[in-house]
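Good morning. Please have the model open.

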Amino acid sequence: MKISTWLDKKTAEKIDVSQIKLPADISYDNDPDEILFFEEYKPCGFFCAENHPFSTVERFGRWYYGRGQDKKAGIHSSEMKWHLFTKEKNLALQTAKAHME
């Protein structure tokens, strides 16, 4: 099942999907239709394999999936992860950019 179809079904069930967690079997096999935004804060160098703050917005059908790790968490941290599902492109982009400030 596609992510957009699953989200539409949950919305029809009157479930708030903005902060819903995707089931592993759905998220594993679905690639985004488009990546609209990606930014990573990686001051320690290109070859560092540790965790770094990032934000991305991906489109799945009519849905936008913003996710990342807040820049305030600092480099090499696994704290302050966030995600958002919305049909509003501008909201997804503004949220992703705000987490990188």
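Start with Asp8 and Arg62, which form a salt bridge with their closest N and O atoms 3.2 Å apart. The pair joins distant parts of the chain, 54 residues apart: Asp8 is in helix H1, and Arg62 is in the loop between strand E2 (54-60) and E3. By salt bridge I mean a side-chain nitrogen of Lys or Arg within 4 Å of a carboxyl oxygen of Asp or Glu. Helices (H or I, at least four residues) and strands (E, at least two) are DSSP runs, numbered from the N terminus.

Some ground rules. This is a predicted model, in which local features need pLDDT of at least 70 and side-chain atom pairs count only at pLDDT 80 or more, while totals for chains, interfaces and linings use all residues. Residues are numbered from 1 along each chain as its sequence is written, and side-chain values use heavy atoms, with hydrogens and water left out.

Back to Asp8. A second salt bridge connects Asp8 to Lys87, at 3.8 Å from N to O. Lys87 sits in the loop between E4 and helix H3 (89-98) while Asp8 is in helix H1, so this pair ties together parts 79 residues apart in sequence.

How exposed are the three? Asp8 counts as partly exposed because its relative accessibility is 28%. Arg62, at 52%, counts as exposed, and Lys87, at 43%, is partly exposed. The cut-offs are under 20% relative accessible area for buried, over 50% for exposed, and partly exposed in between (1.4 Å probe, protein chains only).

The structure holds six salt bridges. Another of them is between Arg67 and Glu58, at 3.3 Å from N to O. Arg67 is partly exposed at 27%, whereas Glu58 is buried at 9%.

Next, Asn30. Where is Asn30 found? It is in the loop between helix H2 (24-29) and strand E1 (34-40), and its relative accessibility of 17% is why it counts as buried. The Asn30 side chain reaches the backbone oxygen of Ile26 at 2.6 Å. A polar atom of that side chain also lies 3.2 Å from the backbone oxygen of Met1. Leaving out residues up to four places away in sequence, Asn30 touches Met1, Lys2, Ile3 and Phe60, where contact means heavy atoms within 4.5 Å.

Now the backbone angles. Most residues other than glycine have a negative phi. Lys14, in the loop between helix H1 (3-12) and H2, has a positive phi, near 65 degrees. Lys14 is exposed, at 76%. His76 also has a positive phi near 65 degrees. His76 lies in the loop between strand E3 (63-69) and strand E4 (81-86) and is partly exposed, at 37%.

Last, the largest pocket. Which residues line the largest pocket? They are Ile20, Lys21, Leu22, Ser27, Tyr65, His83 and Phe85. By class, that lining has four nonpolar, two polar and one charged residues. Ala, Val, Leu, Ile, Met, Phe, Trp, Tyr, Cys and Pro count as nonpolar, Asp, Glu, Lys and Arg as charged, and the others, Gly among them, as polar. The space in the largest pocket is about 160 Å³. On a 1 Å grid over the protein atoms alone, a pocket is an open set of points where a 1.4 Å probe fits, with protein on both sides within 12 Å along at least five of seven lines; lining residues have an atom within 4 Å of a point. Points are joined across faces, edges and corners, and the volume is the space filled by probe spheres set on them.

Methods: Polar contact = N/O pair within 3.5 Å; in protein donor to acceptor, adjacent residues only side chain to side chain.
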